[in-house]
Amino acid sequence: MGFNLQLLFTGVGVGSIYALVALGFVLIYRATNVVNFAQGDFAMLGAFAMVVLAIDFELPYGLSIIITLVLLVGFGALFNLGVYYPLRRRSFLPVIISTIGASILLENGVLAAYGPRPQSLPSMIAVPGFSIGEVFFDTQYVVILVVTVVMVALQYIFFERTLIGKKMQATSQDKEMASLLGIPVALMIMITFMYSALLGGLAGVLVAPVLFVTVGMGSSIALKAFAASIIGGFGDVTGAIIGGLALGVIETFGAAYVSVPYKDAFAFLVLFVFLLLRPQGIFGERIAEKA
Amino acid sequence: MSVGSAVGPNQSVSVASVLTRASYVAAAGLSIGAVLVVPLSAYSLNLFMQASTYAIAVLGLIVVLGYAGQLSLAQAAFFGIGAYSVALGTTAFGLSFWIALILGVLLAAGAGAVLGLTTLRLGGHYLAMVTISFQTILTLVLTNWVSFTRGPDGVTGIKRPAMLIESRPFLALCLASLYLVAFLVWRLKSTKLGRAMQAVRDNELAASVVGVDTYRTKVAAFTVSALLGGFGGALFAGGFSYISPDQFSFAESVVFLTMALLGGVRSPAGAVLGTGLLILLPEWLRFLKVIYLAVYGAAVILIMVFMPDGIWGYATGLWRKFVPVRPVKPPSIAPLPLTRQVGTEDSSTILAVRNLSKHFGGLKAIDGVDLAVRRNSVHALIGPNGSGKTTLLNVLNGIVRPTHGSITLEGIDLTRLAPHQRAGYGLGRTFQNIRLFGALSVIENVIIGAERPRHNVGDARALESHALAALDFVGLAPRAHEQIGSLSYGHQRLVEIARALAGSPKLLLLDEPGAGLNHVEKDGLVQLLKRLKGHGLTIFIIDHDMHLVSQVAERISVLNFGRRIADGTPTEVLRHPDVIAAYLGEERPHGAA
């Protein structure tokens, strides 16, 4: 029992990372109808920025986080200008391919600059954790959970209670109509990219102490986040969160009870099952193209 | 068309194509011969071996991405399936090279078919995602299932067929295979299946409405691409006699993708060009060793932004600019055999719609509509904006499933059929916002219309002259070989009508054909509709323009808030008080302010 609870806790912690990255996916997808294959690399950049700032430059941890997030927001703007904006009037295929190109460029750029050796980052809080009953609560996972919950709540308030959030929603639903109503669509999309980069970067900052920091970490998280958003119902915010958590739990139990080397395969097996039986995901609706 | 009249463009085209084929065979023979005769260093042998086997896999991407517009990111996985089949087949299982090769090709194609069947009912992003997942799982299996795959150490001592033990004859085999595959992929483009793929790529919805089974077409494209991936991989394993899992990773899939994009994803020549460049470039740019993958990534973005059709596509585009396709005076064109009912007085019901409803949640877009369209007539459906006209057309077409009710065409129940099946029973359609296959020529668009199920026109030549006849009917035969993009809006609309006519529809659905046309074009359209009517074609037309409708229709139904509020001859309908109210607003009761 205690063992299973322990697995559940770890699974939810891992899953909330997937959920954070999936949220970034969903936001960009809703604003631009494009899947950003470099979303995971935002997390990788965040983690590497932390290593550079907190370890190489020996800056205080909190300050490093702030600088990292600011850098990521700027990077999101750059990404939009370089990867999405020139292709905004074309179909989704060139844009997807372009984000894949960006992903390769980022990973190998960092590889060239930092080398293949995995880096590690200490946890934000020195206390390793605490026990309740048989379950050991690792501090970093607790932090991950708390930050995810806070981010989800903030996002809800942002989109539902602020004017700029409403404008962003309008943009994502109908760009043409939004621009007719005087909403600066290009700016809204720019903000969407900046915010998704922030979410991705935050995921990287949070996950860095739990995993090794490598150039490939982002894409493996992103693949699972993507699977999570399909499982939850593509384009649905709640679905992305539920899907992410479910995937984290399934993967952790799979690794414990079935096989460790194939840990990464479970997410994809679940994905295949969903595509076969319920391709629209848990919360999704099937929407036909308009004639 | 008599034999004597087959002069001019037709003949010159076929002479040109014979010349092209002859020079292709000559080039193939020469280069294969050269490989056998000219001494090559082991190093260049290896480069050529890699380039030719990779190019075969990249040609697979041309089919799935270039022709069918579906993004596959697992080409290295299929390449790996082919390679491991030959590697393990010839070592652990003692099979002959040829048996192992065939097995590998079949396994790769089978895996592709299964993945495609599960994924391709869904939209664009899913295939990309699922292929990455498949790629990841395959890499995990190759690395971790040590007892079977020998794990990260890879497989050594892979055997070649006895008569091709030496590297040079084996390279000759690879080159011959490449030439053959490139030829077949190039031919595929102008076959029925190839045209269907391109139709799906350019406009999936329109493709299904003109009779293309889009799901099967996509699965076919993906399976062919997996098959070619497996074939390339099988030859690769034979060529290098040693393979390991890292050669078939996601990064390699990206390399394959870059090769296709760089050369030009829509033509086999581009595939070969891109592959050659990307295999040679790293050799030339050795100083980039550490960052060459980063350069790949940047190249992908730059290609997408500045050269979306790749080097080959860019070059052919330039060629087009300097040598544009001129309107040609077509040879004598036989009249289009539109219907077999000319002159008959049969006015029985051809389309019967009973109690048809479509509800979107609480919104009743169509609510219990009955309609009967009679043979040899033009029946118009009018109604204010948002009255449900286009939804009704989409339900008739099968794009949208009705909530309840039934649709029968000539007594055949269409209610549960997919759009392409309905097209097969003779339901033609045009769209309010024109949906053509933008990257194809005018005549190719029309040929796709003629290729609907249950409509057998004959061989390629018959198909072309049938399509030309349909174009001639709308007055666009001279522009048959131009690209869609070079036509005006009004002409594009006519091409769409010609595409529908080429399928000899029993019933033609026109969705606001007058929308966006100027006066002259509208007059032309009215004349065209009258001619169609004169040929006995049954037409069901939606439009706002009462002037247009009243000139051609002998029967009008009126829709408002999803319900049919009137039905009758134009004069009856236009006098109907409910229709006047729906169009001009309710007359206020006397005494109200």
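## A first look at chains A and B

Helix 2 of chain A passes helix 3 of chain A in a right-handed crossing. Before going further, note that this is a predicted model.

**The helix pair in chain A**

Helix 2 covers residues 39-56 of chain A and helix 3 covers residues 61-84; the two pack with their axes 9 Å apart, at an angle of about 140°. That makes helix 2 of chain A and helix 3 of chain A oblique to each other. Which residues meet here? From helix 2 of chain A come, among them, A:Phe42, A:Leu45 and A:Met50, and from helix 3 of chain A come A:Ile67, A:Leu71 and A:Phe75, among others. Sorted by class, this contact holds 11 nonpolar and three polar residues, with no charged residues.

**Where the chains touch**

Now for chain B, where 38 residues are in contact with 35 residues of chain A. Helix 5 of chain B gives the most to chain B's side of this contact, with 12 residues. Helix 4, helix 11, helix 13 and helix 15 of chain B are also among the elements that give two or more residues. That side of chain B divides into 26 nonpolar residues, 11 polar ones and one charged.

**Strands in chain B**

| Strand pair (chain B) | Residues | Sense | Bridges |
|---|---|---|---|
| Strand 3 and strand 4 | 349-360 and 363-374 | antiparallel | eight bridges |
| Strand 5 and strand 11 | 378-382 and 555-560 | parallel | four bridges |

Strand 3 and strand 4 of chain B form a hairpin with two residues between them, and B:Gly361 in the turn has a positive phi of about 60°. Across this pair, B:Leu351 stands opposite B:Val373 in strand 4 of chain B.

The other pair belongs to an open sheet of six strands in chain B, in the order 8-9-10-5-11-12 and with mixed pairing. Which strands sit at the edges? Strand 8 (427-429) and strand 12 (563-568) of chain B do, each pairing on one side only. On average, neighbouring strands of this sheet are turned by 20° against each other, direction ignored.

Helix 23 of chain B, residues 577-584, lies across strand 11 and strand 12 of chain B, running at about 125° to strand 12 of chain B.

Conventions:
Residues are numbered from 1 along each chain as its sequence is written. Chains are lettered from A and ligands numbered from 1 in the order in which they are written. This is a predicted model: local features need pLDDT of at least 70, side-chain atom pairs count only at pLDDT 80 or more; totals for chains, interfaces and linings use all residues. Two strands pair if DSSP finds at least two bridges between them. Two residues are in contact if their C-beta atoms, placed from the backbone, lie within 7 Å. Ala, Val, Leu, Ile, Met, Phe, Trp, Tyr, Cys and Pro count as nonpolar, Asp, Glu, Lys and Arg as charged, and the others, Gly among them, as polar. Axes are lines fitted to C-alpha atoms, for helices over the stretch in contact, and angles run from 0 to 180 degrees between N-to-C directions. Angles under 35 degrees count as roughly parallel, over 145 as roughly antiparallel, 65 to 115 as roughly perpendicular and the rest as oblique. A crossing is left-handed if the near helix is turned anticlockwise from the far one by less than a right angle, and right-handed if clockwise.
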